[in-house]
Amino acid sequence: MENTQAIEAQHVGEDTEGRDPIVKSLMRVFWILLAVTVFEIALAFLHYFTHFPPRALLNAVFIVLTIVKAFYIIGEFMHLRHELKTLIWTFLIPLSLLVWAIIAFLWDGNSWQQMRDHERRVIEPTTQWQKAAEVNH
Amino acid sequence: MSNSVTATATATTPVDTTTHTRGWWRGGVSPFNVSYGKLMMWIFLLSDTFTFCALLVSYGSTRFSEPYWPDPNHVFDKFFFLEGDLPLVSVSLMTFILIVSSVTMVLAVHAGHKMRRKETAKWMVFTIIGGLLFLGCQAFEWADLIMEKGVTTAHNMLGPIVNGHPTPGPGTFGAFFFLITGFHGCHVFSGVVLNVVILINILKGTYDKRGHYEMVEKVGLYWHFVDLVWVYVFTCFYLL
């Protein structure tokens, strides 16, 4: 809302080149996005060469930084932060379903792995042993 | 078409100063205060978010269910024609290109607000170039995976190294990688096409005649969304 007024004010009063406050704030967002990305890549390289940040911690950091980047892209570039609250919530509330989806399906995948693991370590050797016993009979 | 345009133009100009006196639920107030086209673009992007999330979540689910998953640092280790141990370099460049093109797009939208035809066109051209560079990088990456590493949607040799020999990795790796990055690349491609259409219209002066550059804004929303999806694809495929 304030932004549109600012734009109109500039439009009327023909701003001096290179001193546009909106362009300045957009460039600030660009530098933030770039810095976060460079930081992520630096962390990935650090892990690659030294194995220093443990994988779980590293992944948590990556996920948090990804959400930070998403916030700036949606909020500033797509301008959602400056829209009416009704619009913001109309699009954010459905997204909360995804929180459930991510937790549920990753949980599911994990339990599949445990089932396969169980099968490999317990069930398969047992059936092989039973088959061997039957043959011997 | 022209009817709807004038309708939205008049609908957006009187900013709802009466909100405080009349309240949200008494009617006569635009609940979203955006034009029809922009609202529909947002709704489309919301549905597209769910599509991409379904793909990424199924990828995550499958990855969790596999006992072994190829290390991205060893899969994507090539930078164009340079051989060998260069993990993340090429994909970092792709991320940089897309962020920059997102910025040029937002500058185009801003120039459009100020009704500056040439400036808007200039930033749109930069955005289109960014999109094409991104697609070129992706083509290189796919070519490396398909031709050099022999990854298909069903088979790959990215499994654990046993006695110095590569073994078959999870077959779904290629399927998910090509499906998700391909679907994203398809979005980038259609974004470039849309940007070109908008650029032609800018150069023809269509939006000057119409009195506003809102089409740039709508296609800008789409372009930023493509950038946003890449942020997630980048994290899910190359960092985690």
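This is a predicted model: local features need pLDDT of at least 70, side-chain atom pairs count only at pLDDT 80 or more; totals for chains, interfaces and linings use all residues.
Close-up 1. A:His51 counts as exposed because it has 10 C-beta neighbours inside 10 Å, and the cut-off for exposed is 12 or fewer. The residue sits in the loop of chain A between helix 2 (21-50) and helix 3 (55-77). A:His51 is not a glycine, yet its phi is positive, at about 55 degrees. Most residues other than glycine have a negative phi.

**Close-up 2. B:Leu88 in a loop of chain B.** The loop that holds B:Leu88 runs between helix 4 (72-75) and helix 5 (89-113) of chain B. Although B:Leu88 is not a glycine, its phi is positive, at about 70 degrees. Is B:Leu88 buried or exposed? B:Leu88 is buried, because 21 other C-beta atoms lie within 10 Å and the cut-off for buried is 20 or more.

**Close-up 3. The contact between chain A and chain B.** Chain A gives 43 residues to the contact, and chain B gives 40 residues. On the side of chain B that touches chain A, the elements that give two or more residues are helix 3 (36-65), helix 5 and helix 9 (214-239) of chain B. Helix 3 of chain B supplies the largest share of this side, with twelve residues.

**Close-up 4. Residue types on the side of chain B that touches chain A.** How do the residues on this side divide into nonpolar, polar and charged? Of the residues on the side of chain B that touches chain A, 21 are nonpolar, 15 are polar and four are charged.

Conventions
Residues are numbered from 1 along each chain as its sequence is written. Chains are lettered from A and ligands numbered from 1 in the order in which they are written. Helices (H or I, at least four residues) and strands (E, at least two) are DSSP runs, numbered from the N terminus. Two residues are in contact if their C-beta atoms, placed from the backbone, lie within 7 Å. Ala, Val, Leu, Ile, Met, Phe, Trp, Tyr, Cys and Pro count as nonpolar, Asp, Glu, Lys and Arg as charged, and the others, Gly among them, as polar.
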